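Open the model in your viewer and keep the selection tool ready.

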Amino acid sequence: MEIVRSQRRNGSDGSGSAASLPLYKSAPSLEFRLEEFGQYAIDRLRVLQAISDGLSRGKKPEEMENLVSEQWRANMKHQDADKTLRKDIISHFVLRLVYCREEEMRRWFLSMETALFRYRFRLQNAEAQKSIMNELQLQYNVLGNAEYETIKDKLTEAARSVNFTSNPETVFYKVPFEDVPELVASRRVFILKGFAFVPRNQVVSLVCTIFRSNISKALALTNRKWRAMIQDQEKDRIAPMVEALGNVYLGPDYSKPKDCAEISLKDINQLASTSFPLCMRHLFGKLREDHHLKHQGRMQLGLFLKGVGLKLEDALAFWRAEFSQKVGAERFDKEYAYSIRHNYGKEGKRTDYTPYSCQKIIMSTPSTGDHHGCPYRHFSEENLRAALNKMGVGGRAMDDIMDKVRNRHYQLACTLTFEATHGTSCETGINHPNQYFVESRKFFESKNKQSQPTA
Amino acid sequence: MTKEKEEHREDPMQIDSNRVPTGSLLTDYLRIYYGKFFPYTDMFKWLAYGNDGKHPGCDSSYFGRREFSFTIKSDRDEVYLRFQSFFNASEMETSIKAKCPTKIDIGAVYTVDPAKRHAYAQSGFNPIERELVFDIDISDYDDVRYCCSGADTCLNCWPLMTIAIKVIDTALREDFGFSHILWVYSGRRGVHCWVCDSRARRLSKEQRSAIADYFHVYKGGENSLKKVTFAGPLHPFLARAYTDVLKNEFEKWVSTQKLFEHEERFHKILQLIPDESVVSELAEKWQGNSVRWEHLKHMLQSGSKKTQGLRRCIEEIVFSYTYPRLDIQVTKGMNHLLKAPFCVHPGTGRICIPIDPKKCEEFDPTSVPTVAQLIEELNANASIGADNYVEKTSLAASVHLFRTCFLEPLIKTCKDELENAYNTKIQQTKDSLNW
């Protein structure tokens, strides 16, 4: 049986890398059976989904390493290393076909594959890592001695600021700062005249950026090929499988509220006090108080309300009622109504924006005059206690929550808040504000049903 | 006979240069400003980045793919026109003179002419180049300045902007290696920064985000107590900012804002100290004592208190008050529209003129020329029959600064780049023809 051919033919097995961690540079000329097509993809997808779950629960890097190691062993590993490699490569390229077709899917796939690569890379020994870096031609970027001497003080200074002691033997890589955005963003490396000086122990970031960039380009190409040619050629054989695989694991994104009924404006105050997570309660409260929210706050709350079931007309009425008290109805219609319709996919590119997940909210940083972001992360202890008090949380629960906050487990703190305010446990953990809302509504609905007399 | 002549000549507008023009008066002023003052050719030369059609390697579609937006205000209404584009300087000039916008914004360079975007599939219309930009507003510092608030500024608090320019400009040049940087007064309460190197224009959203985060030190909204926390020794960038700029500027700030003379003001500083015993000891000793800042520094530096979190406390206090507070979202986006230099600020009438970063301490926002003032000068020049009267107004110095410090070096670099790219291409075609 013929396999789906890649547009870039490569005579060798195409993996082109250290034996155990391929870079997926081009599709291999391997033959395999149709059954393997589906099964391999699903197995790999299990690994990617587990990674997605782990990340949204805020697992630390060491925990993620363990997770990846376990998941890989459980789903992908074969006694024979060659067979594992074969499955690795095939499953990756099949999933490329599945996930190249839509922007959201590409983004998800890219993030998960990069994360998978990152943790697998970390688990490799130094020899294998070096081999991969040579693969990416990084040996040409090693910092020379002469230059090292001129900047070694700054390199030490930068290393100390991230609690790392470098010594004269530490190898540094000199790369354009564009190649290591994460390290630049967190000020973990010294940069000079546009170059970043990456010590050996931070090289994971560099390698992953390059990996990510390569896969991103490949996905775009694959998408074009799929649409132009393959989809049609394979419509009776592979295309249906690809469609089916695409529907398998996309976790709920809460953009189209199907399960919960639409909410109406008159319920909104009540719902805010019983079922909104703290971040949204805070935004909602500030909106009522100031009759205004800055842009990021409007996005975070607005999309949440959309996910909760607030219809566009009601949303417009709601925001207008608040904003017109500060800026006037006319100005609201001119300056703010557009972006609300934009959120609902009725303007501009007509993208239907999805409500923000906890991960996204936690990563945002509010500044002066902002009220978005995750309160468990940004509120001072005093202010957080006060806010939770208002929700009815006290005593032992409060202490547990504060403990989680101190250890930076913001989502766990929110989960405990849910449990404290509802008097029930939340097994799955909170990783999306709309999930909090849905779970809350489910709880109250079932409580109402129970208290109703049976016929 | 002279009397007849006088009657035929147009009377110059009666100007009150102290009044901020609004409504139809503003439109009249703008008409004159756009007629005589706005530097169209210089703006075109800047934004064309060498693609002016004179070199075979030029991309003549480049300028036309840039988005501009106009805000047009009349007495009753305000209209916002996006996706304006112009083929060349002359088209841009005609359009601006005809529409008299109260504000002109500059957006990104797209894959195709923005005005024709509907002819293409959604995926075919994307921003591909855009300057790296920064926007700093003094109103974001309201919690640390006591002389002004909101949109106001004075010579006491303007130094915060000077500090921001110094810290960011140095980092952009030294750390990131950029050299074509334009700083512009935003007309009322802040400054904008345009980084125009080709490397900067080609940055992706992710890379812009990384740069924005590199500068993001002051974090948290009104509910967080401490907005600057340093866990350990400072990164070289922060150490340099502290040693070269922030440390001394904070000393001045203590004095001009009388930070330690009023209880609610120094109370805010005490709140940043994570050690109760230190705070209470100081609060007690400070009843009536005025050498407080020295005292505080001494106590925190002496090392007698071993509480965690005290080692960087002084730096944290200094950074909290003086470190630049950027609007991060402006920097992260690729198609965020930012006001063009040389616009007239409708709230103050002042011109958005460039600031020389090397002399930013000398910049005085209260003496920036206003549109009314310029028109008055124009009339005065005309009435004495002077030639080249626009060049003899207060705007000339700003245009000169724009050209010598920014535009000319930039154009030279662009031309060199175009030349090199062109030669490489020629060489490649030659090579491919060789057997």
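Begin with both chains in view. In this predicted model, chain A and chain B bury about 3200 Å² between them. Of that area, 51% is on carbon and sulfur atoms. Select the contact residues on each side: 35 residues of chain A touch 39 residues of chain B.

Stay at the interface and turn to charge. Side chains of opposite charge can pair when their charged atoms come close. How many salt bridges does the rule find across the interface of chain A and chain B? The number is three. Now select A:Glu178 and B:Arg199. Their side chains meet in a salt bridge, at 2.8 Å from N to O. For scale, a search of the whole structure finds 50 salt bridges over all chains.

**Chain B, H5 and H8**

Select helix H5 (residues 159-174) and helix H8 (residues 236-256) of chain B. Their axes are 11 Å apart, and the packing angle is about 165°. Angles over 145 degrees count as roughly antiparallel, so H5(B) is roughly antiparallel to H8(B). The crossing of these two helices, H5(B) and H8(B), is right-handed. Show side chains next. H5(B) brings B:Leu160, B:Ile163, B:Lys166, B:Val167, B:Thr170, B:Ala171 and B:Glu174 to the contact. H8(B) answers with B:Phe237, B:Arg240, B:Ala241, B:Val245, B:Leu246, B:Glu249 and B:Trp253. Colour by residue class: the contact of H5(B) with H8(B) has nine nonpolar residues, one polar and four charged.

**Chain B, H3 and H4**

Move to helix H3 (residues 40-48) and helix H4 (residues 89-99) of chain B. Here the axes come within 9 Å and cross at roughly 130°. H3(B) and H4(B) are therefore oblique to each other. H3(B) passes H4(B) in a right-handed crossing. From H3(B), select B:Tyr40, B:Met43 and B:Phe44. Which classes make up the contact of H3(B) with H4(B)? Six residues are nonpolar, none polar and two charged.

**Chain B, a loop residue**

Centre on B:Arg350. B:Arg350 sits in the loop between strand S8 (338-339) and strand S9 (354-355) of chain B. Leave aside its neighbours within four places in sequence. The contacts of B:Arg350 then include B:Tyr185, B:Gly187, B:Cys343, B:His345, B:Pro365 and B:Thr370.

**Chain A, H13 and H14**

Bring chain A back. Select helix H13 (residues 312-327) and helix H14 (residues 329-343) of chain A. They pack at about 140°, with axes 9 Å apart. That angle makes H13(A) oblique to H14(A). The crossing of H13(A) and H14(A) is right-handed. Among the H13(A) residues in the contact are A:Leu312, A:Trp319, A:Arg320 and A:Phe323. H14(A) contributes, among others, A:Phe332, A:Asp333, A:Tyr336 and A:Ile340. The contact of H13(A) with H14(A) divides into 11 nonpolar residues, one polar and four charged.

**Chain A, H20**

End at helix H20 (residues 433-451) of chain A, which holds both A:Glu439 and A:Lys442. They are three residues apart, about one turn of the helix. A:Glu439 forms a salt bridge with A:Lys442, and the closest N and O atoms are 3.7 Å apart.

Key: Residues numbered from 1 in each chain as written. Chains lettered and ligands numbered in written order. Predicted model: local features only at pLDDT ≥ 70, side-chain atom pairs only at ≥ 80, totals over all residues. Heavy atoms only, no water. Axes fitted to C-alpha atoms, helices over the stretch in contact; angles between N-to-C directions. Helix = DSSP H or I, 4+ residues; strand = E, 2+ residues; numbered from the N terminus. Parallel < 35°, antiparallel > 145°, perpendicular 65-115°, else oblique. Left-handed = near helix turned anticlockwise from the far one by under 90°. Contact = heavy atoms within 4.5 Å. Nonpolar A, V, L, I, M, F, W, Y, C, P; charged D, E, K, R; others polar. Buried area = accessible area lost by both parts, 1.4 Å probe. Salt bridge = Lys/Arg side-chain N within 4 Å of Asp/Glu carboxyl O.
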